[in-house]
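Biologist: I would like to learn how to read a model like this one. Can we take it feature by feature?

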4 protein chains.
Amino acid sequence: MHLTRTRVRYGETDQMGVVYHANYLVYFEIGRTELIRELGLPYSALEARGWKLVIVEASVRIRAPARYDDELVVGTKLTQVGRVRVRFEYRITLAGGSRTLAEGHTVLASIAADGRPRRMPREFHEALNGTLEEGQADERD
Amino acid sequence: MHLTRTRVRYGETDQMGVVYHANYLVYFEIGRTELIRELGLPYSALEARGWKLVIVEASVRIRAPARYDDELVVGTKLTQVGRVRVRFEYRITLAGGSRTLAEGHTVLASIAADGRPRRMPREFHEALNGTLEEGQADERD
Amino acid sequence: MHLTRTRVRYGETDQMGVVYHANYLVYFEIGRTELIRELGLPYSALEARGWKLVIVEASVRIRAPARYDDELVVGTKLTQVGRVRVRFEYRITLAGGSRTLAEGHTVLASIAADGRPRRMPREFHEALNGTLEEGQADERD
Amino acid sequence: MHLTRTRVRYGETDQMGVVYHANYLVYFEIGRTELIRELGLPYSALEARGWKLVIVEASVRIRAPARYDDELVVGTKLTQVGRVRVRFEYRITLAGGSRTLAEGHTVLASIAADGRPRRMPREFHEALNGTLEEGQADERD
């Protein structure tokens, strides 16, 4: 599981004094971005050729609230890599703690220049696929 | 299903030229807020007594992107009412259209003044419960 | 002054229990968008030709806090129309009240397809200009 | 000038492909928070005694757009320290660059437990004041 850190901003809280729930999806994105950066994947090359990865599904379960100025650890794992869709799973804890504050998933679909879902370029698929543990590759979609 | 309208703001788009995915949770909240307002529920009375309804679970599936300045219709339905947890389901379409752009759900838990999940006050539970169609009330949790 | 209404969302508050300050710029934008819509200006035509109006300057003074679920009235006024830059001023009050909660301004610049500031198309400039009271047109920039 | 870094998130862009203007106020806040953290100021102690620092004024000038995934350097300077109001100034550049992307200011007011502006506790005022260069302290307000 890839780990990255982020600190809760004031504007990310709401009047309950805790993180506003939609922001967990933003924290998931930070984890996903850093995982992809670390893989050295040619994502900009993908975009330069007109491809995009768009979110088609997202979920979050909030176990305990994160608060202003908390330093969070976002754990991100790629759990399914199809030719069109990839699935990431996430777990957020406090830095220095082990209790799960929030967990969830997203599914992203590759969209070609014509705006339609299409099998992503082979080399990008292979790079993602190589990060999976054996048995998780998914050629179905 | 309760219907309410909202218009996509510029800042709700991202550089893909469509609504940033986390904002669908914000649109769901608009629907939920307006549904509760219309029920005439004493939510402020609930808060005044130290109770809160916090989101413990949320999901969204995006079928087709919403865009800047689109007028959206948020359909909201209360689908489960326990003593502690309530579940809402949502469907977003374009005004004047019937195609589903996004759908999802949230589960909210009632939290007492001590910050812990507790059975919500009976009159609040009954008011929510009264909006369910027969057979959906859920006394399990 | 053009008036439009918007209601404070939960996620727009922060843990102080009031609207997070950056959101006043978002409310200003709602006012500006609705003013432009009402003028029937060919903004989409402008964008279709590759032009954009980008914010180069913004300010807000907060006199009294807006709170969750408040219905706000955003007053918007076009106060300067140059060939490149236009200036809007804003005043936010509570619906049914007269006290100023926040006020501010934005300056927008017209950007051509090459990404550089350029004099906006004449017909768009004239449409904006026509909304000014006499003596406010500004041909200097 | 205190320097801190932050990276532009996807959701902070808008459909123009650049950072949505209101987010510069969020970046300013990151700089302010880190400056205060570094001073070792007893801000939490201030809050524990019921005091808050609220934003009463903010401005931004955008010179050149920041883009997705840019690493930004937020320079923050405390430029006026009164007993009630403090003023911060900000300048944002690209990491490794010297060109100003955005600059601005905020004024914060100290609010006592009764919700009204009041002279902040002496020790907090003195700590802030000690960071000013000579001649900038401002005892007027």
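Biologist: Is Tyr24(B) buried or exposed?

Modeller: This is a predicted model: local features need pLDDT of at least 70, side-chain atom pairs count only at pLDDT 80 or more, and totals for chains, interfaces and linings use all residues. Residues are numbered from 1 along each chain as its sequence is written, chains are lettered from A and ligands numbered from 1 in the order written, and side-chain values use heavy atoms, without hydrogens and water. Buried means under 20% relative accessible area, exposed over 50%, partly exposed in between (1.4 Å probe, protein chains only). Tyr24(B) is buried, at 1%. Tyr27(B) is buried too, at 0%.

Biologist: Where do Tyr24(B) and Tyr27(B) lie?

Modeller: Both sit in helix 1 (residues 23-39) of chain B. They are three residues apart, about one turn of the helix. Helices (H or I, at least four residues) and strands (E, at least two) are DSSP runs, numbered from the N terminus.

Biologist: How many aromatic pairs does the structure hold?

Modeller: A pair of aromatic rings is described by the distance of the centres and the angle of the planes. Rings of Phe, Tyr and Trp (its six-membered ring) pair if their centres lie within 6.5 Å; planes under 30 degrees apart count as stacked, over 60 as edge-to-face and the rest as tilted. There are 16 aromatic pairs over all chains. Tyr24(B) and Tyr27(B) make an edge-to-face one, with 5.9 Å centre to centre and 90° between the planes.

Biologist: What kind of pair do Phe28(D) and Tyr90(D) form?

Modeller: A stacked one, 4.4 Å centre to centre, with 5° between the planes. Phe28(D) is in helix 1 (residues 23-39) of chain D and Tyr90(D) in strand 4 (residues 85-94) of chain D, so the pair ties together parts 62 residues apart in sequence. Both residues are buried. In chain A, Phe28(A), Phe88(A) and Tyr90(A) form one aromatic cluster.

Biologist: How much space lies in the largest cavity?

Modeller: Rolling a probe the size of a water molecule over the atoms shows where empty space is left. On a 1 Å grid over the protein atoms alone, a cavity is a set of points where a 1.4 Å probe fits but cannot get out; lining residues have an atom within 4 Å of a point. Grid points are joined across faces, edges and corners, and a volume is the space filled by probe spheres set on the points. The largest cavity holds about 820 Å³. It has 29 lining residues, and Asn23(A), Asn23(B), Gly11(C), Asn23(C) and Asn23(D) are the closest to its centre. Helix 1 of chain D gives the most to this lining, with three residues.

Terms used:
On a 1 Å grid over the protein atoms alone, a cavity is a set of points where a 1.4 Å probe fits but cannot get out, and a pocket is an open set with protein on both sides within 12 Å along at least five of seven lines; lining residues have an atom within 4 Å of a point.
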